Structures are given as structure tokens and as C-alpha cells.
Amino acid sequence: MTVSIDTATPRTGTGRLITVLGALSAVSPFAIDMYAPGFPEIVTSFGTSKTAVQLSLTACLVGLAVGQVVLGPASDAMGRRRLLLAGCGMFTVLSLVCALAPSIAVFDVARLLQGIAGSAGIVIGRAVVSDRFTGTRAARQLTTLSVIGSTAPILAPVAGGLLLDVGSWRLVFVALAVTGLLLMTAVWAWVPESLPVERRRTGGLRSVLAAMGGLLRRREMVGYLLVMGCGLAALFAYITGSPFVFEGAYGLSPTAYSLVFATNAVGTVVAGAIFGRLAELVRLNSLLATGVAVTVVSLVALVTLLAVGISTFPTTWACLFGFTFGFGLLLPASTTIILAVGSDAPGAASGMLGGAQFVLGAAAAPLPGVLGNTTAMSTAVVVLGSVLLSAVALLTLARPWQGHGEPAGRS
């Protein structure tokens, strides 16, 4: 049964709601790596190392993971709207702190807290969709959020590169602060409370932990969480490693690097559009398996080419385009299935989904440069390892042939 909200009409109200939720799901991915083209400049600005700058991204990812694990279940008890407003407000303040940071230590702490604040938009946005929609309507709306969320990390460096053409890396965080303020205004105007008091979970922390524990006892839930989390780990390793590969090894400017990301974003968007069209016709698990297979094949090809000495800009770009295309199928499929499997506790399921994404992403983000020098091979090996783990989780735990999370009549 779809939960209706009086303040949103079927056409304009729902359209505005999904637009705002989509923006909320995009702002944190933008915050994660919009500053990626400026990594070399930040190294110089703070007089620090490449790995230290990559760890600032890890700090944000840790914040996003912790925030989602806490705020998702908390919204099941407290409601959605006020947590969204608080998250947007704190995101704005902390973005300004990042822009004004005098040292790498202050910057890293601000990034951690910025991640926690930004997590509210992602995790609570998915829960709002689960409150309002079920079945194929929920799948369509979640697909929209997933496509936006998966495209944002690819487009973010493009926007960052354009800002770096007119200012320093600090301008990126000023832009994020302005965006946070606009989103807080939009939430206030267009996102009504979607979880009535009588439907909120009671029992405090014990109830929250019980809900999450119950979900984690489901083998298939753990499997799908790992499929999605390892896919995100691959993406973030690609994002942190690629500025040094394309700008350093292949000599691209920040603007040219941003254009490479823009092209790869087209692959993600096209894959998301294909998923949206096929979601009502093809099993979600089949689409998920296809996405995982495409990412694995693309990275095996890249590592093989690099191993035999073929390290060229066109071949590396082509293989990474294949990876981002496959990821555009993997993320919306896994997100939709996870929330369907955990539909009895949507806030907890959404929080665990976000936690798995960003914990694994945080672990993978600094790995391309962990040996001291970020190269095409080091980046490709980390990304390949992550997608292989995703494939293993799919086959051994999720077991897509069993049809978990499919709409009624399609399992």
C-alpha cells in the first residue's frame, strides 16, 4: 500500500519531492570527490603527501558510513524531516570550515564531520521513498535516486575541474556550502514528514540494534550489501587514483581530466537509463549479474593490457568506460533489491546499505597510492580486486538465481 502525503499532489508534489531527494543523494557524492582534480594543488597548498590528501577522501567516506548507519535507524524512531533539515544545515557549516582550513589536520577532521552531516540526505532520502512507494513504483523512484547517486561521483570532478579553472580548490567547498543552504531551503519547502508518529519504531537503541541484527542474519542481505559495497570500493579507488594517472602519467590538464570523467559519466547514465527501462521487464537479479560481469571483464582487460606493456591513454580510458557502464547497472539493481529484502525496517536497511557502501569505499580509496606512487597498474589492480570480491559475494551469498527482492510474480 502506498502511503499518501496530503501536502504533495500526485504530479507536482511527487515530482518536486523526487527532485529534492535526488539532489540530496547527489550532494554527498559531489562532496566526496568534486575536489579530486585539485589533489595535486592541495598537496602543494598544505605541504603534505599524496596519500595524506587521499586520506581526506577516506575521512569523508568514514563519516558517510557512520552517519548512515546511525541516522537511518534513528529516522525510523524520530521521523525524517527534522533530521534532513539538521543534516543540510551542518553540511553547509562544515563545507565552509573545509574552505577555510589552515592545515591538513583541520581539513581532514572537517571532512569527517562533513561526511556525517551529508549522510542524512542519502540515507533518509531512500527511507522517504520506501515510506511513500512500494513495488515497481518504489523501484522506479529508487532507480532515479541510484542513477543520480552513481552519476554524481563521476560528474563531480568535471564540476570541480571547471571551478579550478577560475579559482583554487577552496572555491569547491564554498560552492558546496551554497548548495547545502539551497537544499535546506528546498527540504523546508517541499519535503513533508513521510513517517507518521504511529508508524515510528519505539524502544530506543535496543530496538535499532535488533532491527539491524535481524537484517544481518539474512544471508542474502549480507551478500547484496557486499556486492554493492565492493562495487563502490572499486569506484572510489578509481576516483582517487585516476587524477594522478591521467594528469601525471598521461599528461592531461585538470580540464581534460574532467572531460574524461564526463565521458565516463555518459556510460553510467546510459546504463542507468537502460536499467530503468528494463526493471519492469527483466529480473532485477539478472540486471545485477550483468552489471557485475561487465565491471569484471573491463578490469581484467585493463590489467592484462597494462601487464603486457600496453599503457596508453585510449586503452585505459576505454576499459574504465566499460567499468563505469557496468557500475551504472550494478548500483541501482543492488540498491533496489537490498531495500526490498529489508522492507520491514526501511531506515535500518537504508543505513546498512550506506554503511556498506562507504566503509568499503573508505578502505579502498587510499589503496592506489599506498605503496608511495599512484600508477595506472596500482589503480587498476585495486579496482579489479574490488570488483572480483563483488562477483564472489554475488555467487556465494546473494545467489541471484534464487530471486530475492524481486517484485511479486517475478521471482
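## A close look at Leu-302

Mentor: Start with the contacts. Leaving out residues up to four places away in sequence, Leu-302 touches Thr-316, Cys-319, Leu-320 and Ala-380. Keep in mind that this is a predicted model.

Where does Leu-302 sit? Its place is in helix α11, which runs over residues 284-307. Is Leu-302 buried or exposed? Its relative accessible area is 4%. Buried means under 20%, so Leu-302 counts as buried. Now check a distance. Met-377 lies 75 residues away from Leu-302 along the chain, and the two C-alpha atoms are 8.7 Å apart.

Compare that with another pair. Ala-105 and Val-158 are 53 residues apart along the chain, and 26 Å separates their C-alpha atoms. Ala-105 belongs to helix α5. With a relative accessibility of 49%, Ala-105 is partly exposed.

Next, go to helix α14, residues 376-398, where you find Ser-390. Its relative accessible area is 1%, so Ser-390 is buried. What does Ser-390 touch, once residues up to four places away in sequence are set aside? The partners are Leu-226, Val-227, Cys-230, Gly-231, Val-292 and Leu-330.

Arg-399 lies in the segment after α14. Its phi is near 50 degrees, a positive value, and Arg-399 is not a glycine. Why note that? Most residues other than glycine have a negative phi. Arg-399 is partly exposed, at 29% relative accessibility.

Turn now to charges. Side chains of opposite charge can pair when their charged atoms come close. How many salt bridges does this model have? The count is three. Take Arg-80 and Asp-76 to begin. They form a salt bridge, with 2.9 Å between the closest N and O atoms. Asp-76 is buried, at 6% relative accessibility. Arg-80 is buried too, with a relative accessible area of 1%. Arg-80 also has a salt bridge to Asp-131, at 2.8 Å from N to O. This pair joins distant parts of the chain. Arg-80 is in the loop between α3 (50-78) and α4 (81-100), while Asp-131 is in helix α5, residues 104-132. The two are 51 residues apart. Asp-131 has a relative accessible area of 2%, so Asp-131 is buried as well. Through shared partners, the salt bridges tie Asp-76, Arg-80 and Asp-131 into one network.

Then there is the pair of Arg-200 and Glu-193. The closest N and O atoms of this salt bridge are 3.8 Å apart. The limit for a salt bridge is 4 Å, so the pair at 3.8 Å is counted. Glu-193 is partly exposed, at 27% relative accessibility.

The model holds four cavities of 30 Å³ or more. Which elements each supply at least two residues of its lining? They are α1 (12-33), α4 and α5. The lining residues include Leu-24, Val-27, Leu-84, Phe-91, Ala-117 and Leu-183. Gly-87, Gly-118 and Gly-121 are also part of this lining. Sort the lining by class. Eight residues are nonpolar, three are polar and none are charged.

Finally, step back to the whole chain. It has 14 helices and zero strands. How much of the chain is buried? Of its 411 residues, 59% are buried. Now the contacts. Among those with a separation of 6 or more, 86% join residues 24 or more positions apart. Along the principal axes, the C-alpha atoms fill a box of roughly 60 × 45 × 40 Å. The radius of gyration is 20 Å. A compact globule of 411 residues would have a value near 22 Å, so the chain agrees with that.

Return to where we began. Leu-302 is buried, and Ala-380 is one of the residues it touches.

Methods
Residues numbered from 1 in each chain as written. Predicted model: local features only at pLDDT ≥ 70, side-chain atom pairs only at ≥ 80, totals over all residues. Heavy atoms only, no water. Salt bridge = Lys/Arg side-chain N within 4 Å of Asp/Glu carboxyl O. Buried < 20%, exposed > 50% of the residue type's maximum accessible area, 1.4 Å probe, protein only. Helix = DSSP H or I, 4+ residues; strand = E, 2+ residues; numbered from the N terminus. 1 Å grid on protein atoms, 1.4 Å probe; cavity = no way out; pocket = protein on both sides within 12 Å on 5 of 7 lines; lining within 4 Å. Points joined across faces, edges and corners; volume = space filled by probe spheres on them. Nonpolar A, V, L, I, M, F, W, Y, C, P; charged D, E, K, R; others polar. Rg over C-alpha atoms; globule rule 2.2 N^0.38 Å. Contact = heavy atoms within 4.5 Å.
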